[in-house]
Amino acid sequence: MTKLSVNINKIATLRNSRGGDFPNVVKVATDIQSFGAEGITIHPRPDERHIRYQDAYDLKKVVTTEFNIEGNPIPKFIDMVLKIKPTQVTLVPDAVDAITSNAGWDTVLNQSFLKEVVSEFKQNGIRTSIFIDTIPKFIEAAATTGADRVELYTEEFATQYALGNKKAVIPYTTSAKLASELNLGINAGHDLSLENIQFFAKNVPNLLEVSIGHALIAESLYLGFENVINMYKNKLKNASV
C-alpha cells in the first residue's frame, strides 16, 4: 500500500505567526506518527519562514517512521542533510522567493549538477528523490542521475480533477509506468487531498509514497488529525483493492 508522509510545514507557519513555540512541531510530528502516518516531511527554505533548520535537527530525534527532507540543494541545505541523514531527501528546484513548489527539475539541463548531488547523498546512505513534472525526457534523464525515486508534481492533476477532468491523471499513469521501467521508485505530492487521493492512487501504478501537507492540515482543522490520518490511509488502502 502507498505510504502517507505528512508535511508539517504549515504547523511551523502557525507557530511562527505568533512567535514562541506553540504549536510545537516536534510534539505534532510525534502525535502524527502515533495516529498512523508512515512518514514526516519537512521543506526548510533559506528564509526559514516556516520550518527552520533547527527544527530539522530537533525532529531527527523523534521521527521513528520515514524522515523526508525536501529542498533546493544549496550548500547550507546539503550540509544539513548530510549531518541529519534522513531516510530520504527530495530535491526541489525552488526559487528563493517561491511561496510553494511550482515546478519540477529540468533534469536534462541540470544533469551534471544533479548527478553530483545525488552521488553525495547516496554515498551517505540517504535515499534520493527528484521532484519532477510528467515530461518523459525529464524522467528518463532523472534515471541517469542515479536517483532512487522521482516525486511527481501533482498540482496540474489536482487542479483539473477539481474541474471534473478525470483524464488529467493519464500523464501521471504514463509517467509512473515509464519510471518503473527505468527502475525509479515513484512518489507524488502537491495539492493532493481527501477529494482526489483515492482516485490518484488507484490510477498511478507502483506509487510508493505521497507527501501531503497543506490540504491535510486544513482538513484536520475541521475533522481532527487522528481522524484525517486514518481517512487518508483508508483511501489509499481502498485504492489498492
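User: Which residue forms a salt bridge with Lys122?
Analyst: This is a predicted model, where local features need pLDDT of at least 70, side-chain atom pairs count only at pLDDT 80 or more, and totals for chains, interfaces and linings use all residues. Residues are numbered from 1 along each chain as its sequence is written, and side-chain values use heavy atoms, with hydrogens and water left out. A salt bridge is a side-chain nitrogen of Lys or Arg within 4 Å of a carboxyl oxygen of Asp or Glu. Here the closest N and O atoms are 3.5 Å apart, and the partner of Lys122 is Asp148.

User: How many residues apart in sequence are the parts that Lys122 and Asp148 tie together?
Analyst: Helices (H or I, at least four residues) and strands (E, at least two) are DSSP runs, numbered from the N terminus. Lys122 lies in helix α5 (residues 111-123), while Asp148 sits in the loop between α6 (136-144) and β6 (149-153), so the pair ties together parts whose separation in sequence is 26 residues.

User: Is Lys122 buried, partly exposed or exposed?
Analyst: Buried means under 20% relative accessible area, exposed means over 50%, and partly exposed is in between (1.4 Å probe, protein chains only). Lys122 has 38% relative accessibility, so Lys122 counts as partly exposed.

User: Which residue of β2 is the bridge partner of Val6?
Analyst: Two strands pair if DSSP finds at least two bridges between them. Strand β1 (residues 3-7) runs parallel to β8 (residues 207-212), joined by 4 bridges, and in β8 the partner of Val6 is Ile212. β1 also pairs with β2 (residues 39-42) in the parallel sense, over 3 bridges. In β2, the partner of Val6 is Ile40.

User: How many of the residues of β1 are buried?
Analyst: Strand β1 spans residues 3-7 and is mostly covered. Of its 5 residues, the number buried is 4.

User: Which residues does Ser175 touch?
Analyst: Ser175 is in helix α8 (residues 170-181). Ser175 counts as buried, because its relative accessibility is 4%. Contact means heavy atoms within 4.5 Å. Not counting residues up to four places away in sequence, Ser175 touches Thr134, Ile139 and Leu152.

User: What is the relative accessible area of Leu223?
Analyst: Leu223 lies in helix α10 (residues 214-223). Leu223 is partly exposed, because its relative accessible area is 40%.
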